[in-house]
Amino acid sequence: MPSIRRFTCSFPLVVLTISLTLGDAASAAPEEVTPVRIEVFTAADRPFQPPASDDLASLPPIELYEIDGIEDFEIELSDGLPNDPETAQQLVRKRLGQVADGSRLDLVRQSAAGLINAAEYGVDRYPAIVFDGNAVIYGVTDIGEALRHYRKWKGRVPR
């Protein structure tokens, strides 16, 4: 399982828990650091804020995981089900057949993949943005803000 460094962001003040342990170690300037992989773990109640179009060129593709997608899908499938188990099963099967177009199921698959990745990384709350599979910033949905914190931290990490 990959090792992950944890950041904690609390509103309205951002606190990087790692900063206290890094001391005066210096290396590359923060603006020189560009992650190779960015994964965002969020939910409907904390929507992701995509970067400005100017920033997109310098960033790798961003993998977005809305981790509440499975729960939302289950609620949608079970809405108004009758008490009779057989009738309820038939209705759920019918509803599943109606969403078999793929787009809704793709969202559920993406949510499941996000839950698996979050568990592998040890991400235990959201929103969280993971850089290169080894650094996480919690409490931020704005990729620009998270990237600034990541670069600041990365610039101080001994190589």
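Q: In what order do the elements of the chain run from the N terminus on?
A: In this predicted model, the order is β-β-α-β-α-β-α-α-α-β-β-α. The secondary structure comes to six helices and six strands.

Q: How much of the chain counts as buried?
A: The chain has 159 residues, and 36% of them count as buried. Its accessible surface comes to about 9400 Å². Carbon and sulfur atoms account for 54% of that surface.

Q: What share of the contacts between residues at least 6 apart in sequence joins residues at least 24 apart?
A: That share is 68%.

Q: Why is glycine 114 called buried?
A: Buried means under 20% relative accessible area. Glycine 114 has 0% relative accessibility, so it counts as buried. This glycine is found in helix α5.

Q: Which residues is glycine 114 in contact with, leaving aside its neighbours within four places in sequence?
A: They are Phe41, Tyr65 and Ile67. Glutamate 66 is 48 residues away from glycine 114 in sequence. In space, the two are 7.1 Å apart, C-alpha to C-alpha.

Q: Why are α3 and α4 called oblique to each other?
A: Start with how packing is described. Two packed helices are described by the angle between their axes and the distance between the axes. Helix α3 covers residues 69–78 and helix α4 covers residues 85–98. Their axes come within 9 Å and cross at roughly 125°. Roughly perpendicular ends at 115 degrees, and roughly antiparallel needs over 145. The angle of α3 and α4 falls in the rest, so they are oblique.

Q: What makes the contact between α3 and α4?
A: Helix α3 brings Phe73, Glu76, Leu77 and Ser78. Helix α4 brings Val92, Arg95 and Leu96. By class, four are nonpolar, one is polar and two are charged.

Q: Which residues of α3 and α5 meet?
A: Gly69, Ile70, Asp72, Phe73 and Glu76 of α3 meet Arg104, Leu105, Val108, Ser111, Ala112 and Leu115 of α5. This contact has six nonpolar, two polar and three charged residues.

Q: Which members of the largest nonpolar core touch the most other members?
A: They are Ile38, Ile129, Phe131 and Tyr150, out of 15 residues. The elements that give two or more residues to this core are β3 (38–42), β5 (128–131), β6 (135–138) and α6 (143–154). The largest share, five residues, comes from α6.

Q: Which residues is phenylalanine 131 in contact with, leaving aside its neighbours within four places in sequence?
A: The list is Pro35, Arg37, Ile38, Ile137, Ala146, Leu147 and Tyr150. A second, separate core has nine residues, including Ala118, Tyr121, Ala128 and Val136.

Q: Why is aspartate 132 called partly exposed?
A: Buried needs under 20% and exposed needs over 50%. Aspartate 132 has 28% relative accessibility, so it counts as partly exposed. Aspartate 132 lies in the loop between β5 and β6.

Q: Is the peptide bond from tyrosine 126 to proline 127 cis or trans?
A: This bond is cis, with omega near -5°. Proline 127 has its place in the loop between α5 and β5.

Definitions and conventions: Residues are numbered from 1 along each chain as its sequence is written. This is a predicted model: local features need pLDDT of at least 70, side-chain atom pairs count only at pLDDT 80 or more; totals for chains, interfaces and linings use all residues. Side-chain values use heavy atoms; hydrogens and water are left out. A nonpolar core is a set of buried Ala, Val, Leu, Ile, Met, Phe, Trp, Tyr and Cys residues joined through side-chain atoms within 4.5 Å. Buried means under 20% relative accessible area, exposed over 50%, partly exposed in between (1.4 Å probe, protein chains only). Helices (H or I, at least four residues) and strands (E, at least two) are DSSP runs, numbered from the N terminus. Contact means heavy atoms within 4.5 Å. Axes are lines fitted to C-alpha atoms, for helices over the stretch in contact, and angles run from 0 to 180 degrees between N-to-C directions. Angles under 35 degrees count as roughly parallel, over 145 as roughly antiparallel, 65 to 115 as roughly perpendicular and the rest as oblique. Ala, Val, Leu, Ile, Met, Phe, Trp, Tyr, Cys and Pro count as nonpolar, Asp, Glu, Lys and Arg as charged, and the others, Gly among them, as polar. Accessible areas come from the Shrake-Rupley method with a 1.4 Å probe; for residues, only the protein chains shown count as cover.
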